[in-house]
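Here's a quick tour of how some charged and aromatic side chains pair up. Have the model open and follow along.

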Amino acid sequence: MALNPDRLFPIEPDARAIARRLFETVERLPIVSPHGHTDPRWYADDEAFPDPASLFVKPDHYIFRMLYSQGVRLETLGVARKDGGAVETDGRTIWQTFARHFHLFRGTPSRLWFEHALETVFGIDERLNEKNADTLYDRIAERLTDPAMRPRALYKQFGIEVISTTDAATDDLAAHDAILRSGWDGRVVPAYRPDAVVDAAQPAFRSNVENFAALAGVNLDYAGYLEAHRLRRAYFKARGATSTDHGHPTARTANLSPVEAASLFDRVLQGASLADAELFRAQMLTEMARMSVEDGLVMQIHPGSFRNHNPEIFGRFGPDKGADIPRATGYVEELKPLLDAFGNDPRLTLILFTLDETSYSRELAPLAGHYPALRLGPAWWFHDSPEGMHRFRELTTETAGFYNTVGFNDDTRAYLSIPARHDMARRVDCAFLARLVADHRLDEDEAQEVAVELSYRLAKQAYKL
């Protein structure tokens, strides 16, 4: 199972040789992780991870959504139920279930990430299966008792320079404060995620907004609501935040008059229709852009997911349990109100993501290839695979180039997959660049420079890190 040093490189000998040389220039560059979902308490408390299942299986929806698709109950994997009902708590048993079904991940990026972590972190080059599951569990569990396997030590081992978490607008950021007080030299910064107080379609929207206003000490009216966002953004920025993040169902934006917007706010507080909820989300994307022009926070939009598509799973386990499904997403008409207002303003950086690959060449690359405020985020979620990353480069480069993209981010909750994901992205980008060199469309020295930009510099620049 040992990792092949030429994995993901082109099969053509000339292009493969070029890719090897390019990869040598970026393989050991520091990791900039500007958008992700690791728990800041890991770095604040710096406690040992409890067991291999808690490290590899429980936090990774890529893993348990695949197992669930083949009939494995989420309770069997230790996923907590909303009603407190019984679930498997023994890490070894969860691990054995994972091992019995590991063949399901053949050909998937999850297998590449997992095996990269096994070999580079634990020195294991055996492929997981039912026969060796207990042995590998014991080897990993023993290593987890080593102080070198704690979150801060792994941060150094992985070569992470900075990592951003994603935090609710009402989060007290206590873990981030603890990190700053500790004097540790690792850099872990928050990102402002206001979805719970912006999405009026959520059942708890009114109570969320009431708590939000009380936390900020403002009146519960539209002017107070906007001021609460400004105050909370400043609170995040004081703790190192450089970005906001918005996970809306669509990329629709609006630019209502202050009177119209205030009236809309009053309506959605009383219980929003689907049309008003969508319009309010649209208005708030433009308001967030306006605030980003003022305070300099980089803005990210992650639209296009049908969240919690499986009502049975949502009812038993809640959100983020592998039942989110991509859907068609438009950008040209949807973003126009925001772009009319701020698309030409150099003070705004708006990073666009998509789960709809058909929009790459038709909409996203032409938009980012024109508006100074726009940048393209990398292949995301269902598409951060070798093939998905290649398709992204192939469909966007001819119109947007490399420099209207923001490099790579890992967008993960699974800590050990971070270096594996960056390794994969760097290899895929080097393979793409190698073919351009082999086709005599780039000189190799140019490709080396672009490889460094894609692996490191563009993310630092775009996210102001």
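Arg391 and Glu357 meet through their side chains in a salt bridge, 2.9 Å from N to O (the term covers a side-chain nitrogen of Lys or Arg within 4 Å of a carboxyl oxygen of Asp or Glu). The two sit in distant parts of the chain, 34 residues apart: Arg391 is in helix α17, and Glu357 is in the loop between β10 (350-352) and α16 (359-368). Helices (H or I, at least four residues) and strands (E, at least two) are DSSP runs, numbered from the N terminus. Arg391 is partly exposed at 32% relative accessible area, while Glu357 is buried at 19%. Buried here is under 20% relative accessible area, exposed is over 50%, and partly exposed is in between (1.4 Å probe, protein chains only).

Keep in mind that this is a predicted model: local features need pLDDT of at least 70, side-chain atom pairs count only at pLDDT 80 or more, and totals for chains, interfaces and linings use all residues. Residues are numbered from 1 along each chain as its sequence is written, and side-chain values use heavy atoms, with hydrogens and water left out.

The structure has 41 salt bridges. In one of them, Asp320 pairs with Arg413, with the closest N and O atoms 3.8 Å apart. Asp320 lies in the loop between α14 (311-317) and β9 (325-326) and Arg413 in the loop between α17 (386-400) and α18 (417-438), so this pair ties together parts 93 residues apart in sequence. Asp320 is partly exposed at 38%, and so is Arg413 at 29%.

Arg427 and Asp423 make a salt bridge at 2.9 Å. Both lie in helix α18, four residues apart, or about one turn, and both are buried. Elsewhere, shared partners join Arg73, Glu75, Arg81, Asp83, Glu312 and Arg316 into one network of salt bridges.

## Aromatic pairs

There are 34 aromatic pairs. Rings of Phe, Tyr and Trp (its six-membered ring) pair if their centres lie within 6.5 Å; planes under 30 degrees apart are stacked, over 60 edge-to-face, and the rest tilted. Trp42 and Phe49 are edge-to-face, with centres 5.4 Å apart and planes at 80°. Trp42 is partly exposed at 22%, but Phe49 is buried at 8%.

Tyr225 and Phe280 form a tilted pair, at 5.8 Å and 40°. Tyr225 is buried at 2%, as is Phe280 at 1%.
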